[in-house]
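Me: I'd like to learn how to read charged pairs and helix faces in a model. Could you walk me through it?

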Amino acid sequence: MNTRSRNPIQVPPLLLTSILCPVSDPALGSRNFVDGSHCSQVLRLAHSRWIISLEFHFDLKCYLIQEYLFGLLHLVHIVNACFSENDFEQCERVVKDWAESSLDKEIREDKHTLRDLLYFLHVPRTGGRTYFHCFLKKLYPSNLECPRSYDKLRFDPSKPKCRLLVTHDDYSMTSKLPRERTSVVTILRDPIDRVFSAYEFSIEVAARFLVHPNLTSALKMSKRMRSKAKGISTLDIWPWKHLVPWMREDLFARRDARYGRGLHIKESSDSYNMEEFTMPLQEFINHPVARDIINNGATFQVAGLTNNSYIAEAHEVRHCVQKYKILGKYVLQVAKKRLDDMLYVGLTEEHRESATMFANVVGAQVISQLNAPNGNLDNVDNTEQRSFSDSDPDSNEQHQNGTSDGEASEVTSGKSGEATELNMTAGQLMDAYEGCISNLRKTQSQRRVTSLKRISPVNFSREARLQVSKEVLQEIRSLNDLDIELYDHARAIFYKQHKTTLQTLAEERWDSISSIVHGITLWKVLPLSVSFVFIFFLFLVIVNVRRRTSKLKMKVMKS
């Protein structure tokens with residue numbers, strides 16, 4: 001018999017309770033190893049004596065240690081649950097307070113009437129660049145464009161001469177603008193296609209830097225070129241200032257890894273999953289950078305909650321919504337209300353109809369407004385024009401998709417930037433737009449082909465998107481649930497406004513026809529009627545004279 005001495009284990013009563021009578025928790029599984037009667041005996045003993053000295057065998061010691069650890073785990077679980085509950089309540093309060101303060105209770109009856117300042121809220125990858133160059137720069141003279149930076153506001157919005165602002169800034173920009181004098185327009189795109197496009201464009205621009213032998217050389221050249229350039233670079237523009245450097249570093253790392261392995265490259269027919277060349281799409285959408293900028297990006301931009309927001313609590317609200325999806329309904333409510341109050345909401349997928357409606361809803365009002373007395377502001381002094389030009393990073397016709405990085409440059413011809421005559425009609429504006437986008441698309445296509453050659457065999461296209469798995473597509477939908485619902489709301493607004501626009505155009509055409517007919521009645525039908533009456537009267541006179549002459553002849557013959 002083993003007579004080895006054993007030291008007694010002293011166990012406080014509460015700890016003994018948690019060890020021998022653990023609380024059942026669904027998260028940890030049932031831990032009822034000790035029956036109730038034994039627990040009752042232990043507890044009575046624990047309450048009768050503060051310290052209990054027990055001698056246990058070695059295997060029982062292990063059992064107690066195991067149960068003690070489970071007890072601690074359960075305690076941590078309870079503490080975490082308490083903190084999580086408090087965190088959710090805090091997040092819910094923050095989001096609801098922001099939503100309540102952001103909702104405009106006032107119903108605007110004149111929301112489809114253009115005000116003095118037009119703010120084009122450009123959601124990335126929606127086709128806004130074509131509207132800017134092929135519509136707005138043809139409508140507004142350059143001296144009426146607000147200096148813009150696509151990042152932070154660099155002008156005094158109280159200046160009355162400023163009439164057009166185009167930027168990737170979110171809706172919080174309106175806090176810097178004269179609210180009662182500002183009309184907002186925007187374009188939304190199918191969220192799945194927008195995620196694809198953002199992924200493709202980030203890689204396309206980053207790939208232009210692969211002409212350099214390594215990342216260090218690319219960074220030095222980029223910095224040198226940007227310091228010399230007068231225009232704005234893609235790397236200065238939100239959100240590309242975050243996405244492009246991230247993709248650029250990733251492309252160089254993958255190229256270096258390929259060179260290190262030699263020619264042993266795994267073949268793939270899916271351009272969105274060629275990890276030897278580019279970051280796979282699934283990895284992209286799940287990365288913290290994309291989760292913060294791309295996923296539900298349109299909703300956060302319209303709500304004014306991007307990481308480029310002017311609202312102090314934007315970061316906290318956005319992250320609360322990203323952490324607790326149920327809170328997204330409050331942000332969605334604000335975003336929908338803001339779309340409702342906009343002058344115009346277009347859809348990328350309904351390109352022709354959207355452009356036609358823009359020409360008739362916005363373009364026609366701009367033409368009318370600038371043709372009104374004092375409307376074109378020809379008296380802008382040279383000093384103010386110079387100050388605008390000096391502060392305007394886009395003054396050399398570089399734009400939101402442009403760069404000043406030499407090989408990554410994207411400069412638009414000044415021809416598209418010349419304002420056309422203000423006495424044109426909406427139909428003539430559409431004709432000018434069609435010619436402009438044809439040239440713009442040709443330039444974009446050539447640049448895209450050149451960029452993708454550097455990461456061949458990767459080839460992004462609509463056909464290539466069909467190779468993406470259903471699982472990845474479903475994941476994109478899940479990560480962009482707010483954008484999908486907002487897009488459906490935008491579609492409802494668009495079709496309603498499109499129907500109203502068609503009815504208005506039909507009424508205007510009918511009024512035009514009526515006025516033409518009325519003019520013909522007054523100036524042409526009346527003289528024709530008088531002439532007809534005169535001819536008819538003359539005909540009657542002639543007939544009457546001939547009858548009288550005939551009667552006289554008959555009388556002469558009888559006599």
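Reply: Happy to! A salt bridge here is a side-chain nitrogen of Lys or Arg within 4 Å of a carboxyl oxygen of Asp or Glu. Side chains of opposite charge can pair when their charged atoms come close. Keep in mind that this model is predicted. In it, Glu 145 and Lys 137 form such a bridge, at 3.2 Å from N to O.

Me: Are Glu 145 and Lys 137 buried or exposed?

Reply: Buried means under 20% relative accessible area. Glu 145 is buried because its relative accessibility is 7%, and Lys 137 is buried too, at 4%.

Me: How many salt bridges are found in the whole structure?

Reply: The search gives 17. Among them is the pair Asp 341 and Lys 337, at 2.8 Å from N to O. Here Asp 341 is buried at 15%, whereas Lys 337 is partly exposed at 21%.

Me: Which parts does the pair of Asp 193 and Arg 465 tie together?

Reply: Their closest N and O atoms are 3.4 Å apart. Asp 193 sits in helix α5 and Arg 465 in helix α16, so the bridge ties together parts 272 residues apart in sequence.

Me: Now helices: which residues of α11 are buried?

Reply: First the idea: an α-helix has 3.6 residues a turn, so residues three or four places apart point the same way. In α11, the buried residues are Ala 314, Val 317, Arg 318, Cys 320 and Val 321. They lie on the same side of α11 because they cover an arc of only 160 degrees around the axis. The face turned away from that side carries exposed His 315 and Lys 323.

Conventions. Residues numbered from 1 in each chain as written. Predicted model: local features only at pLDDT ≥ 70, side-chain atom pairs only at ≥ 80, totals over all residues. Heavy atoms only, no water. Buried < 20%, exposed > 50% of the residue type's maximum accessible area, 1.4 Å probe, protein only. Helix = DSSP H or I, 4+ residues; strand = E, 2+ residues; numbered from the N terminus. Arc of directions from axis to C-beta.
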